[in-house]
Every structure is written in structure tokens, then in C-alpha cells.
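Please open the model in a viewer and keep the selection panel at hand.

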Amino acid sequence: MAKILKIYPDNPQENLLDEVVRTLKNGGLIIYPSDTVYALGCNIFDIRAMEKLAQIKKIKLEKAHFSIICNDLSHLSEFSRPIDTSTFRYLKNNVPGPFTFILEANKNLPLAYKGKKTVGIRVPDHIIPQLIVQKLGHPIASTSIKDDDEVIEYSTDPELIAEKYDHLVDIVIDCGYGDNVASTIVDLTSGEPEILRQGKGIL
């Protein structure tokens, strides 16, 4: 059964964040809040955790396009090919924020991302994922939680999310109601920003 941790964004409890990080290090899956929708996350370097994430999404891991959640842009060089000054400046002006930026991948990607030509990088404007990544020491893999409801595409109530994913994840972080608009996806691989999906982020 998933453990529900009520963490307050304005004063996050250190011991609960430490528990989340321990769970990630041990291959567990978490559901966490962001500046857009609630999302599923796991340790990006744990192949079994990544496979579980793919199973929940009902896709094969090699076909998955899980975002990489960072707490700032310092991890860029670990996952993406070198970017020019104008692209870096563009990123810096828009993070943290409700965007997923598609960049050309380098050859040092974690095992689960091997062979991918591009990666989606996210720096959410939300203290909880930022602190988790900071305490973990490296980014996490992530995918949005979608709802079966045709009207409301994304689940916003953490208690209902916890019920639905009770036997699939280890921890659900409850930060109150989330948003129901996903991030804006911006492709930067050509040098010019191209919006692939209009979401919460306005450029």
C-alpha cells in the first residue's frame, strides 16, 4: 500500500523529504506535486524502477519518453549535447517553470534512455520536486498522471490519486489539490523554439 505523506510546500518537513529520497534510492516509485499536474517519479539510474514506471503507463520502456526532472540547469551537460549561448539563455529565462524542453541527447544517458536521440528536461517551479532532486543528488525520471475521465484529463486530488495508485507506488506526496493543465512542450533541437504541445507555460 502506498504511504501518504502530507508535506507542506511553505515549510517542507525535512524528515519526510528524507523518507522520499530513501524510497527513491531503494527503487521505489513516488507520486509528487509540481507546478503543473501531479506526476509519477523514480530514480533515473534504477532500471527496475524505470521498468515499473513503464508498466504503469502500459508501454515498453524502450518506447517511453519520460521527462528528466532537474532542480536547475546544472545537470544539462549530463544528458544533452552542448547547446549554444542563445539556447542556454532562452532556457535560463524560462526555468523554473511549467515547461518541458526537448534537447538533443548525448551518449552518457542512463541505461533506460540509451539510444534516445532527444531528452525532455523539466525544472518545475515547485519546491517539493526541487528539494527531492537536490537531496537525491541527481534528477529523477517523471511522467504525468492522466485521468480516465474524458472531461478532466489530469487528476488533481491527491487522495483520489492515492486510491487509484495504492498498490502501484510506494509514496504519494500530498500537497493539496494540483493543477489540471500539463507543461508546455518546447522543442529546441533545431535552434528555434517550436511548441509541440501548448500547456500551462506561456512563452
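Which residues line the largest cavity? Select Met50, Leu61, Ala64, His65, Phe66, Ala112, Tyr113 and Lys116, which form that lining. Before going further, note that this is a predicted model, in which local features need pLDDT of at least 70, side-chain atom pairs count only at pLDDT 80 or more, and totals for chains, interfaces and linings use all residues. Residues are numbered from 1 along each chain as its sequence is written, and side-chain values use heavy atoms, with hydrogens and water left out.

**The cavity**

On a 1 Å grid over the protein atoms alone, a cavity is a set of points where a 1.4 Å probe fits but cannot get out; a pocket is an open set with protein on both sides within 12 Å along at least five of seven lines; lining residues have an atom within 4 Å of a point. Grid points are joined across faces, edges and corners, and a volume is the space filled by probe spheres set on the points. The structure holds one cavity of 30 Å³ or more, and the volume of the largest cavity is about 30 Å³. Its lining comprises six nonpolar residues, one polar and one charged (Ala, Val, Leu, Ile, Met, Phe, Trp, Tyr, Cys and Pro count as nonpolar, Asp, Glu, Lys and Arg as charged, and the others, Gly among them, as polar).

**The largest pocket**

Next, select His65, Ser67, Ser142, Thr143 and Ile185, which lie nearest the centre of the largest pocket among its 30 lining residues. Two or more lining residues come from each of strand 4 (67-69), strand 5 (99-104), strand 6 (118-122) and strand 7 (140-144). Helices (H or I, at least four residues) and strands (E, at least two) are DSSP runs, numbered from the N terminus. Strand 6 gives the largest share of this lining, four residues. The pocket has a volume of about 550 Å³, and its lining divides into 13 nonpolar, 11 polar and six charged residues.

**The second largest pocket**

Now select Ile56, Lys58, Lys146, Lys164 and Tyr165, the residues nearest the centre of the second largest pocket, which has 11 lining residues. This pocket contains about 200 Å³ of space, and its lining has five nonpolar residues, one polar and five charged.

**Two backbone features**

Remain at Lys58, in the loop between helix 2 (47-56) and strand 4. Lys58 is not a glycine, yet its phi is positive, at about 60°. Then move to Pro96, in the loop between helix 4 (85-94) and strand 5. The peptide bond from Val95 to Pro96 is cis, with omega near -5°. Most residues other than glycine have a negative phi, and most peptide bonds are trans.
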